[in-house]
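Open the model in your viewer and keep the selection panel at hand. This tour goes stop by stop: what to select, then what is there.

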Amino acid sequence: MDLEIEEKPLKLYFIPYLAPGHMIPLCDIAIQFAARRHHVTIITTPFNAQILTKSLSFNQNLRLHTVSFPSQEVGLPDGVENLSAATNLDNLTKIYHATTLLRPPIQHFVEQHPPDCIVADFLFPWVDELANKLRITRLAFNGFSLFAICAIESVKANSHYDSASFLIHDLPHPISMNAAPPKKMHELLVTLFETVFKSNGIVVNNFVELDGEEYIKHYEKTTGHKAWHLGPASLIRKTDQEKAERGEESVVSVHECLSWLNSKRVNSVIYIGFGSLCHFPDKQLYEIACGIEASGYEFVWVVPEKKGKEYESEEEKEKWLPKGFEERNSEKGLIVRGWAPQVLILSHPAVGAFMTHCGWNSIVEAVSAGIPMITWPVHGEQFYNEKLITQVRGIGVEVGAGEWSNSGYGEREKLVSGESIEKALRRLMDGGDDAQEIRRRAREFGDKAKEAAQEGGSSYKNLTVLIDDLKRLRDCNLQASKC
Ligand code: UDP
């Protein structure tokens, strides 16, 4: 009888937040459970389900359940159900508000068909109450590195985050910060973490070797909470097609992308992308263009499409692109206007560096590909991620971003100049001793990432232990409910 229970597949619900940086990795983690023959249901809204249907290969172990998105209640047009679909700050706020209204339909579904475990994003903190009521194991997810969580907790404990630059001195390494987090954002994260710490554990899209045993021990000691490193999530995608079909539909085809990259030398191309939510003002894009051009390196540059415009007039374009830029750089560069197949691009041998906004997924995807980074954090926890990459692991150089924004939108007080960008690109691409050493370390972490995800690697083993633990908890809950 015990053996039968042991062998019974787990029934898991995943509730990803409606933003690519949360949804993509959590769904890739859900696939890992389904690949081990557990029954996985991803709960989302209709428009996000459409994206997922295209980007996940479904089998009998992996299903979607949709609940309707309250577009009318919050005054959003149909189909705008993901933070990446926002065209301005107002829409962004409305989508955020709409996600808080998803509780009743999700709760109803869970109550009707309770699973053994819920893995929910920390932006749905109400799942805590629901899981407790139903005696269901709950794992939290937020898409952060554990390093960033440790840093935020440390800043909370020391409350010295108002000054523009400060030292975090009680982590395993002293970390010097060159910008202060917006107070409201910091406080919101701290509050959300309080609910995370009440869960049965946090699932992390990272591998032990990159966060480091020392940070895992620090986390567990200071919070009393368990972290499960199951990443890099993107490594579940093996073929070019699987890598390209991650997230939204790409505006360049696999063929187009690969044939352009195949024509370039190994490590010669800089990939420049700022994730799914960052919209720089035209003035900043202009500086980026100047920096790239002055450096003379080859590049793939992802620029979010200006939504609602079918094409851009020359006049519009000149606001963000120096006159004649495209003609002068037609051989050297590829500008992707819209969604790019990022994981496919990063895994191509021609790509030698990544200028990134330090969104955690972007970082862990670059690390998995063994690619060094030029770091340019913008908002959220990205400034902490930068320090893990540059100060702790030495696999990137900083562009010198010093303005911690509230979101990816809006004007900036400080622009990063074309000269600073050019300088940072040269530092990493000039082939000097420093650059060689950074590249060597990045390659080493790339190997470690792949090992972690393989059978017998640290993340693979963690998943085995976690599954055993979840089965044990399921059986305990079952026994308790019989009493
Ligand atoms: N992404 C992509 N193509 C794009 C933009 C983003 O594939 O054009 C993916 C990227 O690979 C990553 C996610 O979207 O998996 C963005 O997450 P990240 O944490 O890097 O940044 P965020 O968008 O949350 O700021």
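In what order do the strands of the open sheet of 7 strands run? The order is S3-S2-S1-S4-S5-S8-S9, and the pairing is parallel. Keep in mind that this is a predicted model.

**Stop 1**

Select 62-66 and 227-229. These are strands S3 and S9, the edge strands, and each pairs on one side only. Look along the sheet next. Neighbouring strands are turned by 25° against each other on average, direction ignored.

Now select residues 137-141 and 202-204. These are strands S5 and S8, paired in the parallel sense over 2 bridges. Pick out alanine 140: isoleucine 202 in S8 stands opposite.

**Stop 2**

Zoom in on residues 373-375, strand S14. S14 and S15 pair in the parallel sense over 3 bridges. Isoleucine 374 has valine 397 in S15 as its bridge partner.

Then select residues 360-368, helix H18.

**Stop 1: two domains**

Colour 11-235 + 454-481 one way and 240-450 another. You now see domain 1 and domain 2 of the protein chain. Their C-alpha centres lie 26 Å apart. How many residues of domain 1 are in contact with domain 2? There are 40, and they meet 38 residues of domain 2.

Stay on the domain 1 side of this contact. The elements that give two or more residues here include H2, helix H3 (46-55), helix H5 (89-100) and strand S7 (175-177). Helices H8 (146-158) and H10 (208-211) are also among them. By class, this side has 24 nonpolar, 14 polar and 2 charged residues.

**Stop 2: the ligand**

Show the shell: 19 residues surround the ligand. H2, helix H17 (342-346) and H18 each supply at least two residues of the shell. H18 gives the largest share, 4 residues. The shell divides into 8 nonpolar, 9 polar and 2 charged residues.

**Stop 3: a pair of helices**

Finish with H8 and helix H9 (residues 183-196). They pack at an angle of about 110°, with their axes 10 Å apart. H8 and H9 are therefore roughly perpendicular to each other.

Show the side chains where they meet. Ile149, Ile152, Glu153, Val155 and Lys156 come from H8. His186, Leu189, Val190 and Phe193 come from H9. This contact has 6 nonpolar, 1 polar and 2 charged residues.

Methods: Residues numbered from 1 in each chain as written. Predicted model: local features only at pLDDT ≥ 70, side-chain atom pairs only at ≥ 80, totals over all residues. Pairing = 2+ DSSP bridges. Axes fitted to C-alpha atoms, helices over the stretch in contact; angles between N-to-C directions. Near = placed C-beta within 6 Å. Nonpolar A, V, L, I, M, F, W, Y, C, P; charged D, E, K, R; others polar. Domains from an automatic or database assignment. Contact = placed C-beta atoms within 7 Å. Parallel < 35°, antiparallel > 145°, perpendicular 65-115°, else oblique.
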